[in-house]
Amino acid sequence: PDYAAIRKAQEAEEQQQIQEYYALHRDFKDLEFENVETEITKEAKEYDISGYTLNGENYVIDILSCGESHGGCYLKINGRNTGILQIGSSYAFGDSEEYALEITSLEYNVCGKRFCDYGYDTYDLVNYKIIKRNAE
């Protein structure tokens with residue numbers, strides 16, 4: 001098989017999916033981007049979308065879903081799937097992979113009320129940090 005042609009077709013399909021993702025979210029025009037110098041720690045709920053400006057470039061972190069059954073979360077960074085990230089695992093991103101997102105803790109089925117319907121009222125809480133790799 002022509003592996004180079006297969007890889008090129010996969011990359012083209014991924015770029016199409018990213019463009020559709022951005023169009024769905026209106027290019028994140030309403031999202032506020034927080035400036036990050038070297039490191040930031042964030043607590044977020046499942047389905048949260050956050051924007052960060054790192055070295056002049058905007059990045060969108062989208063927590064797609066978390067699950068106790070697979071012990072981690074699926075995210076998108078600028079429309080690219082990270083695959084499953086578990087506590088302690090990291091995902092390098094940026095033009096030359098100069099940044100990394102690391103899941104520091106996960107709490108499943110969180111409920112802010114006294115009584116909860118676990119099917120409707122709970123959410124998963126994710127703590128992550130973004131670091132500039134090789135930062136001094």
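Reader: Is Cys66 buried or exposed?

Author: Cys66 counts as buried, because its relative accessibility is 9% and buried means under 20% relative accessible area, exposed over 50%, partly exposed in between (1.4 Å probe, protein chains only). Keep in mind that this is a predicted model, where local features need pLDDT of at least 70, side-chain atom pairs count only at pLDDT 80 or more, and totals for chains, interfaces and linings use all residues. Residues are numbered from 1 along each chain as its sequence is written, and side-chain values use heavy atoms, with hydrogens and water left out.

Reader: Which residue forms a disulfide with Cys66?

Author: A disulfide is a covalent bond between the sulfur atoms of two cysteines. Here the call needs a pair of cysteine sulfur atoms within 2.5 Å. Cys66 pairs with Cys73, sulfurs 2.1 Å apart, and the whole structure holds one disulfide. The link of Cys66 and Cys73 is right-handed, with 100° about the S-S bond. Cys73 is buried too, at a relative accessible area of 0%.

Reader: OK, backbone next. What is the phi of Asp27?

Author: Most residues other than glycine have a negative phi. Asp27 has a positive one, near 55°. Asp27 sits in the loop between helix 1 (3-24) and strand 1 (33-36); helices (H or I, at least four residues) and strands (E, at least two) are DSSP runs, numbered from the N terminus. Its relative accessible area is 46%, so Asp27 is partly exposed.

Reader: And where does Asn78 lie?

Author: Asn78 is in the loop between strand 5 (72-77) and strand 6 (80-86). Asn78 isn't a glycine either, yet its phi is positive, about 50°.
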